[in-house]
Amino acid sequence: MVRAGVVRHPSEWKFSGFNEIQKPRRRYSIIDYKSLTDLLNFDDYDELKRSHREWVEELLEEKENARDRKWTESIAVGSKKFIEKVREKLGFRARGRKVNDAGDASFQLRE
């Protein structure tokens, strides 16, 4: 929504991934925060939140809000194990969807 000009900062968009990380819900969370913290090699979740906020602020300052196809055109992005799990849960809806190596040790489930 920042790229579209609807908001100036992702925190202003109620359903943004930014808010999911910065203000995690107590119930019905969509992110496994422990796994994310471990995957990114942070000591604790507060360190992850601080770094995430700094990354976003830096990109906004530099006006580096170009679309990253890996995130915007994928059904899911993550480890191969995670992608296979998502694909399995999609069942018949996953037919024809491909698992691609996205680089940086991540994979994508794509149309």
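The model is predicted. Start with the overall layout. The protein chain holds five helices and three strands. Along the sequence, these elements follow the pattern α-α-α-α-β-α-β-β. The C-alpha atoms fill a box of roughly 40 × 35 × 30 Å along the principal axes.

Now take the strands. They make an open sheet with the order β1-β3-β2, and the pairing is antiparallel. β1 and β2 (98–103) have a single partner strand each and stand at the edges, so one side of each has no neighbour in the sheet. Neighbouring strands are turned by 25 degrees against each other on average, with direction ignored. In a regular strand, side chains alternate between the two faces of the sheet.

Look next at β2 and β3. β3 covers residues 106–110, and its antiparallel pairing with β2 runs over five bridges. Asn100 stands opposite Gln108 in β3. Gly103 has Ser106 of β3 as its bridge partner. The two strands form a hairpin, with two residues between them. Asp104 sits in that turn and has a positive phi of about 50 degrees.

α5 lies across β1, β2 and β3. Its direction is at about 155 degrees to β1.

Turn to the aromatic rings. A pair of such rings is described by the distance of the centres and the angle of the planes. The structure holds two aromatic pairs. One of them joins Tyr33 and Tyr45. The ring centres of Tyr33 and Tyr45 are 5.0 Å apart, and the planes stand at 80 degrees. Planes over 60 degrees apart count as edge-to-face, so the pair of Tyr33 and Tyr45 falls in that class. Tyr33 belongs to helix α2 and Tyr45 to helix α3, so the pair ties together parts that are twelve residues apart in sequence.

Rolling a probe the size of a water molecule over the atoms shows where empty space is left. The largest pocket has a volume of about 2400 Å³. Its lining counts 46 residues, and the closest to the centre are Gly17, Ile21, Leu36, His52 and Trp71. Several elements give two or more residues to this lining: α1 (17–22), α2 (33–39), α3 (45–61), α4 (69–72), β1 (76–78) and α5 (80–90). The largest share comes from α3, with six residues. By class, the lining of the largest pocket divides into 26 nonpolar, ten polar and ten charged residues.

The second largest pocket has a volume of about 150 Å³. Which residues line the second largest pocket? They are Lys14, Phe15, Ser16, Asn19, Glu20, Lys23 and Arg25. By class, this lining has one nonpolar, two polar and four charged residues.

Definitions and conventions
Residues are numbered from 1 along each chain as its sequence is written. This is a predicted model: local features need pLDDT of at least 70, side-chain atom pairs count only at pLDDT 80 or more; totals for chains, interfaces and linings use all residues. Side-chain values use heavy atoms; hydrogens and water are left out. On a 1 Å grid over the protein atoms alone, a cavity is a set of points where a 1.4 Å probe fits but cannot get out, and a pocket is an open set with protein on both sides within 12 Å along at least five of seven lines; lining residues have an atom within 4 Å of a point. Grid points are joined across faces, edges and corners, and a volume is the space filled by probe spheres set on the points. Helices (H or I, at least four residues) and strands (E, at least two) are DSSP runs, numbered from the N terminus. Ala, Val, Leu, Ile, Met, Phe, Trp, Tyr, Cys and Pro count as nonpolar, Asp, Glu, Lys and Arg as charged, and the others, Gly among them, as polar. Two strands pair if DSSP finds at least two bridges between them. Axes are lines fitted to C-alpha atoms, for helices over the stretch in contact, and angles run from 0 to 180 degrees between N-to-C directions. Contact means heavy atoms within 4.5 Å. Rings of Phe, Tyr and Trp (its six-membered ring) pair if their centres lie within 6.5 Å; planes under 30 degrees apart count as stacked, over 60 as edge-to-face and the rest as tilted.
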